[in-house]
Amino acid sequence: MKKAIFDKYVNAVAKQFHFTLEEMFTKSKERDKVDARQILYYMSIERQIRISYIKKFLKIYNYDVGHSTIIHGYKEAKKLIESDADYGDFVKKTTLDADTN
């Protein structure tokens, strides 16, 4: 159940940032890729997807990160969403779409 929602979020974030899934989940510290992953962590945690599940789902995409990385990413994304209305609008629209589809 949570995997399907997570996958919707993954695809929506990748599309919004103009990445393939492979590009999004490379061990890159390029700002746009980091922002995309952090937005994904934020959306997932806000949807009550457990961090252990997020880690498990990310491994399916060959992306292995620690618990602390996800928590840090969540906090950074929260700041970004609070300070930039475009990110906030994207998150609202995407979560609404995931709920209705």
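1. M43, which is found in helix α3, touches Y9, V13, F90, V91, T94 and T95, leaving aside residues up to four places away in sequence; contact here means heavy atoms within 4.5 Å. At 1% relative accessibility, M43 counts as buried, where buried stands for under 20% relative accessible area, exposed for over 50% and partly exposed for what lies in between, with a 1.4 Å probe and protein chains only. The C-alpha atoms of M43 and K78 are separated by 9.6 Å, the two residues being 35 residues apart along the chain.

2. A word on the basis of these remarks. The model is a predicted one, in which local features need pLDDT of at least 70 and side-chain atom pairs count only at pLDDT 80 or more, while totals for chains, interfaces and linings use all residues. Residues are numbered from 1 along each chain as its sequence is written, and side-chain values use heavy atoms, with hydrogens and water left out. Helices (H or I, at least four residues) and strands (E, at least two) are DSSP runs, numbered from the N terminus.

3. D35 also lies in helix α3 and, at 11% relative accessibility, counts as buried. Not counting residues up to four places away in sequence, D35 touches F17, L80 and Y87.

4. Helix α5, residues 67–83, has 17 residues and reaches 25 Å from its first C-alpha to its last, close to the 24 Å expected at 1.5 Å a residue; the expected span is 1.5 Å times one less than the number of residues in the helix. The buried residues of α5 are I70, G73, Y74, A77 and I81. These cover an arc of only 105 degrees around the axis, which puts them on the same side of α5, the arc being that of the directions from the helix axis to the C-beta atoms. On the other side of α5, S68, K75, K79, E82 and S83 are exposed. What covers the buried residues of α5 includes α3 (31–46), α4 (51–60) and α6 (85–100).

5. Which angle do the axes of α3 and α5 make where they cross? The two axes come within 7 Å and cross at roughly 95 degrees, with axes taken as lines fitted to C-alpha atoms, for helices over the stretch in contact, and angles running from 0 to 180 degrees between N-to-C directions. Helices α3 and α5 are therefore roughly perpendicular to each other, given that angles of 65 to 115 degrees count as roughly perpendicular, those under 35 as roughly parallel, those over 145 as roughly antiparallel and the rest as oblique. On the α3 side the contact is made by D35, Q38, I39, Y41, Y42, I45 and E46, and on the α5 side by T69, I70, H72, G73, Y74, E76, A77, K78, L80 and I81. The residues of this contact divide into nine nonpolar, four polar and four charged, where Ala, Val, Leu, Ile, Met, Phe, Trp, Tyr, Cys and Pro count as nonpolar, Asp, Glu, Lys and Arg as charged, and the others, Gly among them, as polar.

6. Helix α1 has 15 residues and reaches 21 Å from its first C-alpha to its last, close to the 21 Å expected at 1.5 Å a residue. In α1, the residues I5, F6, D7, Y9, V10, V13 and A14 are buried, and the buried residues of α1 pack against α2, α3, α4 and α6. Following α1 comes H18, whose phi is positive, near 65 degrees.

7. F19 has its place in the loop between α1 (2–16) and α2 (21–24), and with a relative accessible area of 13% F19 is buried. Its contacts, not counting residues up to four places away in sequence, are A14, M24, D32, K33 and A36. F19 and K33 are 14 residues apart in sequence and 8.4 Å apart in space, C-alpha to C-alpha.

8. Two further loop residues deserve a look at their backbone angles. Q48, in the loop between α3 and α4, has a phi near 70 degrees, a positive value in a residue other than glycine, and at 60% relative accessibility Q48 counts as exposed. N62, found in the loop between α4 and α5, has a positive phi of about 60 degrees although it is not a glycine, and at 70% relative accessibility N62 counts as exposed.

9. Is Y53 buried or partly exposed? Y53, placed in helix α4, counts as partly exposed at 38% relative accessibility. Y53 and K3 are 50 residues apart in sequence and 8.3 Å apart in space, C-alpha to C-alpha.
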